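Trainee: Hi! Could you walk me through this structure, starting with the strands?

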Amino acid sequence: MASEEELFASVDALLNEEPYLPPPAERARLREAAGITQARLATALKTTTQSVKNWENGRSEPKSPRLDAYQRLLNGWAAKYPAPGAVSAAATVPAASAAPAASKLETTNAPQPVDVPGAGPARPVILAGATSRRPAPQKAAKPAADPRFPHGPLAVLDGDGCAYGTGGIVLDCPATSVVELVEWTLRESGLGAPRLHRNGKDSDPLIVLTAAAAVKLGLPERLEGHEQRRSLRLAEDHPVVKQVVKAKWRLTQRGFGPWARIYRKVQGRERQCVQLAILSWDALDERSWPGVAQMEPADVARVLGIYAQRVITPRGSTAVSGLELMTALRPPTRAVQDPQTGNWVPGHNPGSLGTEPMDPAPPEATAEHPVVVDSGWSGGFLNEEAYQWVRDVSLLTDEECTLPYAVGLDLNTAFLAAAARLVVGLSEPDHFHAPTFNPKIPGSWLVDLSHVEGDPRLPSPFTPDGTRPTGPAWYQTHTVAYAQELGYNVAPLEAYLRRETGAYLDPWHDRLKNAYVDTLADLGVTRDLDERAFLAAMERHKDVYPAMAAVLAAIKATVKGGVGKLRERPQGKKYKEGERWPALQRPTWRPDIRAAVISKARINMHRKLRNMATMTGLYPLAVLSDCVVYPSPGESPLDFLPYAASGKPQPGGFRLGPTPGLAKLEGVQSMLWAVDLMEQGHNPARHIKGGDAVLDEGE
C-alpha cells in the first residue's frame, strides 16, 4: 500500500502542473479576436504591457490573483471565439467499432483509435492503423534573460557565505543552516531557469555546497560506511534531517545524499523546491565531471552554468540529468480545454510518454521484473547490446600481420546519432502471433536469423558478441530490418508491437547534439576543419580549456547515462527477485526504447564495417561499442580510410569529423601489441587508448 508521503508526492506532482492556461499563441488569438489591445488588457489586470507580452510569447506566467482573473477572462473569450474549425469532441472521435485504418504506418498529429485484433488462432497479422504521436517540430526555448531568475540557474556556496553564480556574479548568503539556505534560495537568491518546453516546468534552483559550506551548515564533510557511493545518505535521525522535517520541508525518497531535493507541498500555485549538490560527498563523479570537484567555486559555477545553459540544470548524476532532459523536452501533459466546462485542465501531451508507468512486454523486461517472475515467462529476452567482438586470430592474413600499426576509431556519441529520427513505441505493447514483418513498426520480434550467412572476418550484426545466431531469438525492429536489407527472408514467429509511435527522442537528440558540437567548437574543433586539421585539433582539445573539456565529458556522459537509465536495474542487497523497484514507477522506465537506440547504433556500425570491407578490402580486428580497431600501414586514420579521386571521403564508410556519428582517432598501438592481446582473449578496442576503463551499461 502506498505511504502517505508517496500519495502526497503524487498529488503535489499534479498540482505542480498548474497553471492550466491555454498555450501562449492561443492567448494572443483570443485577445485579438475580442478586439482588445495588450495595453488595455494590462490596465484591466493592473499590470504592465510588457507582462502581457511575456504571457503571450511564453516567457513568463501570471501569478495569483492575476492568474485566476486572466484564466476566467480567457475562458470567457474561448466560449465566444472558438478556434476556427473547432467542433465538439463527440463529433470528432470515431466509434470504437470503426473500421481499421489503412495497413501502413501513418504519421498524424493526434492519436487515432485502431481496431485491435482479438485473441484467436495464430495467423499472419499486419499491424494496421499504427498511429504517431509525433507533433509538428518545435524548437526548444532559447536561453534568454528571464526577469524571474536574474542570477541564473545555480550557485556554488563556500564556507564564507559567498554564493558564486554564473556570469561571474557573487551573492551574499547569510544562511547558517540548511533550512535557512532553502528559504534564502527561494525568496532572495533570484536563482532558477525557465522551462525548456512551453508545457514543461521551470528548473528548480541548484545550490552546490563546498566542503567548508557543508560543515558550516551542520553537515559532515564526508559520508562514510557505505559500500556504494549511490547509496550515501544521512540517517533519518541526523540533526539536519530533523531540522528540515521540523520546518515542514520534505526530502524525496532518496533522502539527504550527494544530491538532495528539498521541497514543500505546493501552496497556491508556487512550486517550492531546491536542489542541493554536495561536492565533498562526490556529487560530481570524476568520470563524468573530470577535475570539476577540485576547482575553485567560481570555476565550478562556470562549468555547471555552461552545462545548464546548453543541456539542463543538473538534477543528479549525468545519467539522471539525461533522463530528466527527455521529460523536460517532452512534458507528459499540456493544458487542454474541457469541452463541458470550458476550463483548462491537464491533458496528454502528444509525443510524450504520459504520466503513468508502463510495464514492458516479457521479452523486453529483465529476468527479475515482476511481469517475468509472476508469469513464469521462459521465452527468452531481447539481447540488444553494444558490440564486444574480437576477430578470430586464425583469420588474420599474413599481409595484415605485417602492417605496423593498429589504429582505433571512435564514433562521436554513437548512441546520440542513433537517436536521431528514431521512431519508438509510445503505447502499451500488443501481442501478435506469426505477424508479417513491417520495418516501420517499433517492437520486439521473435525471428530465426540463424540462416543468415556472414563473413567470418566481420561480426554478426545480430548479436553483441558477433557470433552467428543459433536459432530463434528476440530482436528489435532495426535488427530484423537489417536482415531484410541484406536480402534475407524474415518470418517472425511472434511479436510485441506498439500501435502509437513517435520520434520521442528527437528534441533530446537535437539539444544534446547542439551542446556537443558547440562545446567542441569552443575547444577549437570546428566543422570547417579539414581532416588533418581536425585530427590535430582533437589531439590538443582537452588542454585548450580544461573547464570546457569537463563540460564536454559531462555531455557525453549525459547521452550514455540517459540511455542506460531507460532500463535501470534494481539496486541494493535487500532486493528480492519479483519485487518492484523504484525505477519502475517512472514513465521513462522503457527498456524497449533503450533497445531501439542500441540496436540502431550497432546496425549503423555494422553497415560501416561492411562498406569499408567492400571499398577497401580492410576488415576490423575488434569492435567495442563505438570503437573499432583496424590494421593500418600508418599511424593516422588517413592512411586507410577510403577517399574518392576528388579527395572527398567515400560515402558509407567511416568519416572524420566533430558531429555525432562521425569518427575521431581513439588511439594507436603496434600491430604486434594488438595481436598479442587478441591471442590472450582480450579486446584491443578496450585498451587502444592506453587506459583500462570498463564501459558502463548503455555505453
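Trainee: In what order do the strands of the open sheet come?

Mentor: This is a predicted model, and in it 4 strands make an open sheet, running β14-β17-β15-β16 with antiparallel pairing.

Trainee: And which are the edge strands?

Mentor: Those are β14 (430-433) and β16 (472-476), since each of them pairs on one side only.

Trainee: How much are neighbouring strands turned against each other?

Mentor: On average by 20°, if you ignore direction.

Trainee: New topic, helices! How do α10 and α16 cross?

Mentor: The axes of α10 (residues 297-310) and α16 (residues 506-522) cross at roughly 140° and come within 9 Å.

Trainee: So what do we call that, oblique or something else?

Mentor: Oblique: angles over 145 degrees would count as roughly antiparallel, so α10 and α16 are oblique to each other.

Trainee: Which residues meet there?

Mentor: On the α10 side look for A308, Q309 and R310, which meet R511, A515, D518, T519 and D522 in α16.

Trainee: And how do the residues of that contact divide by type?

Mentor: The contact of α10 with α16 has 4 charged residues, 2 polar and 2 nonpolar.

Note on methods:
Residues numbered from 1 in each chain as written. Predicted model: local features only at pLDDT ≥ 70, side-chain atom pairs only at ≥ 80, totals over all residues. Heavy atoms only, no water. Axes fitted to C-alpha atoms, helices over the stretch in contact; angles between N-to-C directions. Helix = DSSP H or I, 4+ residues; strand = E, 2+ residues; numbered from the N terminus. Parallel < 35°, antiparallel > 145°, perpendicular 65-115°, else oblique. Contact = heavy atoms within 4.5 Å. Nonpolar A, V, L, I, M, F, W, Y, C, P; charged D, E, K, R; others polar. Pairing = 2+ DSSP bridges.
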